[in-house]
Structure formats: C-alpha cells, structure tokens
Amino acid sequence: MLEAISRASDRMQSLIADLMDLASITEGRLALRRERVDLVEIARAAVHQVRSAPAASHRVAVVASEAATVLVDRPRVEHVARQLVENAVRYSPGRGGIEVEVRRDHRNAILRVRDEGIGIPAERQGRIFEPFYRAHAGTPHDFGGVGIGLYLARQIALAHGGDIRFESAEGVGSTFEMRLPIAGEDGS
Amino acid sequence: VTARPLVLVVEDDSDLRELLGAILSLMDLDVMSAANGLEGLSAIDRRTPALVLLDMRMPVMDGWEFARELDRRGMRPPIVVITAAPDPSEAAADIGAEGWLGKPFDLHELSAIVRRFIGDIHQDAPLH
C-alpha cells in the first residue's frame, strides 16, 4: 500500500486511504441484487465488452462451455468476469490466445480465464488479492494500475458464497477461476 | 431486479479512474469508465448514465468538446467536472456543468456531490 501511495503522489493519497476505509466497511457485506442468469451469458458479455474496447484484443474467445445457472448480482459478476479477462489481456502482451470457458461441477459454476502470458512470479502469488498489491510493480511488466481490481473482484465472489482461485507459472501463463454456487431449481 | 444508478467516469489518469471506479462500486453504484471524451460518448451510446464525472484536460477529446457533443446530440445527463484548475467553478460554468470537484478531493466531497444528483443510493450502502 505504501508503494501505491508513493507512486500515486499526493493528489490521490486521501482517496486511497478513503478506499481502504470503505473496503474494510464493506468487507463481507457488499449489497447484492440477485437474479438467475446463465454464467455463459456473463462470460460472453464480458468478452464482448473487452473486445469492443479501443485497445481491442481479438485474441479473446469464449470456448465451448456448459450452461450453468447462478443466482447472482449480474452487473457485479460481469464486472468480475471483465476484470479477469482484462487482466489476461494486459499480462499477455502480444503473445498467445486467451480462452474463457464455463464449466460446472456438482456444486459450483466455474468461469475460467486462461492466458499464455507472462505469469505471476511464485514468490508474489500469495499476495495478489491484497488491496493495492501489484505483483509486477517495478518489473519490466509493470503496466500500471493501482492494484485494487483483483481485491474487489474477490470480495464480490466471496459475497456470493464463491471465490476466485488461480494457477500461474512465470513465462507460461495464468488461469483464473471464479467459482459461484449453482442456483437451485427452486430459485435458491 | 432494480438497477443501480449508473455513473460514467471520464478521466484520462488511469490510476484515478480505477480508484473512482472502485469507490463508486463500493458505494453500490454501477460504473462505466472512459479514458477520454470519445470513449465517454461511445459509453453513453450503450447506456445513459444518471451522472457523469468529467475530467476536462484529456487527450483525443477533452471535456469541453465532450460536453459540446452531448449538447449537440440533445442528451445531457448531469455533469460534475473534476479538475485541478485553480478555479474549478469556472471550468464547470464553461460547459454549463451542474457541479464540480476540485482535485485533490476526498470521499466526503465525492459522496456529497454524488448524493446531490443521485439521491439516496441504497439504504445499506456505506456512503458517509
């Protein structure tokens, strides 16, 4: 956090401190407005949005997926999906494709984003969900950002009773998974 | 499902854009972000925001041109100018904006002005 503050200069110090306060207040109690939706729809929407951005990446595609209905706050979960896809694009500069797929197991719907990018150094992997932690700060792969995206994304997943996990190998790529409970037939 | 009020942030500083996006999101608002006026216009083409937070000095298309283009299109959501100019009210008056925030600002100033245009956001929202 100190690193982010010094980098962001005094114009944003107060906002960064405020965001920390706000994040601690909302931790575990983000307001959700749930609706039933197929996670595949969310994956497609997120990919569409990333591809229609000015710095579009046409290397991103939703691959064969399984329908998986979840009871979620759609804009918030779309935000998470978009965040994961944007991160994959950001950390795969000029290399490899990015695959997004939806799978399900007996309990969870799983949105998986796989890249063949620069990966996350092993010694930094334990901290990537910390607010204001930037795994690539000070490296040639420092593409900016304040480091709040993954923290917020995980908070949203946790608020839904889900989580975000990842596997990554430096120089090989990363796979991020958002897991969300599958909605019951009765709407629960 | 009731949709959250939507705020469009048009700001070329990517760090500030990310911070504002996170804060507004934690305030239980929906957020669209744009790095300049042109991106802002294409965001508005997709969805009409309840409020625009607008930086003035930006590459590609600045805040003045963005506001003029909105006027030309006859669609004008409330705009709050965010600026480091010595007299922020002047920049706001320039484009007929409804409010302004002088940089640097804090959460209280931000939430006060957002509340002015969006009203009671959500009773559970941790808005100070």
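In the predicted model, Glu101(A) and Arg112(A) are both buried. Their side chains meet in a salt bridge, with an N to O distance of 3.0 Å. This pair links distant parts of the chain: Glu101(A) belongs to strand S4 (residues 98-104) of chain A and Arg112(A) to strand S5 (residues 108-115) of chain A, 11 residues apart. Over all chains, the count comes to 23 salt bridges.

A second pair was examined in chain B. The side chains of Asp55(B) and Lys103(B) form a salt bridge at 3.6 Å, N to O. Lys103(B), at 28% relative accessibility, counts as partly exposed.

Arg73(B) is partly exposed, with a relative accessible area of 35%, whereas Glu69(B) is buried, with a relative accessible area of 17%. In chain A, salt bridges that share partners join Glu66(A), Glu99(A), Glu101(A), Arg103(A), Asp105(A), Arg112(A), Arg114(A), Glu177(A) and Arg179(A) into one network. Side chains of opposite charge can pair when their charged atoms come close.

The contacts between the two chains were considered next. In chain B, 26 residues are in contact with 30 residues of chain A. The area buried between chain B and chain A is about 2600 Å², and carbon and sulfur atoms give 62% of this area. Arg4(B), Leu19(B) and Leu26(B) supply 25% of the area that chain B buries against chain A, more than any other three residues. Three salt bridges are counted between chain B and chain A. A salt bridge joins the side chains of Arg76(A) and Asp28(B), with an N to O distance of 3.2 Å. Nine residue pairs are in polar contact across the interface of chain B and chain A, with both residues at pLDDT 80 or more. Helix H1 (residues 14-26) of chain B contributes eight residues, the largest share of the side of chain B that touches chain A. By class, this side of chain B has 13 nonpolar, four polar and nine charged residues.

The largest nonpolar core has 72 residues, of which Leu39(A), Leu111(A), Met178(A), Leu24(B), Leu53(B) and Leu110(B) touch the most other members. Leaving aside neighbours within four places in sequence, Leu110(B) is in contact with Leu20(B), Ile23(B), Leu24(B), Met27(B), Leu53(B), Leu101(B) and Phe105(B). Another core lies apart from the largest one and has 22 residues, among them Ala34(B), Leu54(B), Ile79(B) and Ile95(B). In soluble globular proteins, nonpolar side chains tend to be buried together.

Two further residues of chain B were examined individually. Gly63(B) is in helix H3 (residues 63-73) of chain B. Its relative accessible area is 0%, so Gly63(B) is buried. Not counting residues up to four places away in sequence, Gly63(B) touches Leu54(B), Asp55(B), Met56(B) and Met58(B). The C-alpha atoms of Gly63(B) and Val10(B) are 8.4 Å apart in space, although these residues are 53 residues apart in sequence.

Thr83(B) lies in strand S4 (residues 79-83) of chain B. Its relative accessibility is 8%, and Thr83(B) therefore counts as buried. A polar atom of the side chain of Thr83(B) lies 2.9 Å from the backbone nitrogen of Ala85(B). Beyond residues up to four places away in sequence, Thr83(B) touches Pro88(B), Ala91(B), Leu101(B), Gly102(B) and Lys103(B). Of these, Lys103(B) is also the salt-bridge partner of Asp55(B), and Leu101(B) is also in contact with Leu110(B).

Notes:
Residues numbered from 1 in each chain as written. Chains lettered and ligands numbered in written order. Predicted model: local features only at pLDDT ≥ 70, side-chain atom pairs only at ≥ 80, totals over all residues. Heavy atoms only, no water. Contact = heavy atoms within 4.5 Å. Buried area = accessible area lost by both parts, 1.4 Å probe. Salt bridge = Lys/Arg side-chain N within 4 Å of Asp/Glu carboxyl O. Polar contact = N/O pair within 3.5 Å; in protein donor to acceptor, adjacent residues only side chain to side chain. Helix = DSSP H or I, 4+ residues; strand = E, 2+ residues; numbered from the N terminus. Nonpolar A, V, L, I, M, F, W, Y, C, P; charged D, E, K, R; others polar. Core = buried A, V, L, I, M, F, W, Y, C linked by side-chain atoms within 4.5 Å. Buried < 20%, exposed > 50% of the residue type's maximum accessible area, 1.4 Å probe, protein only.
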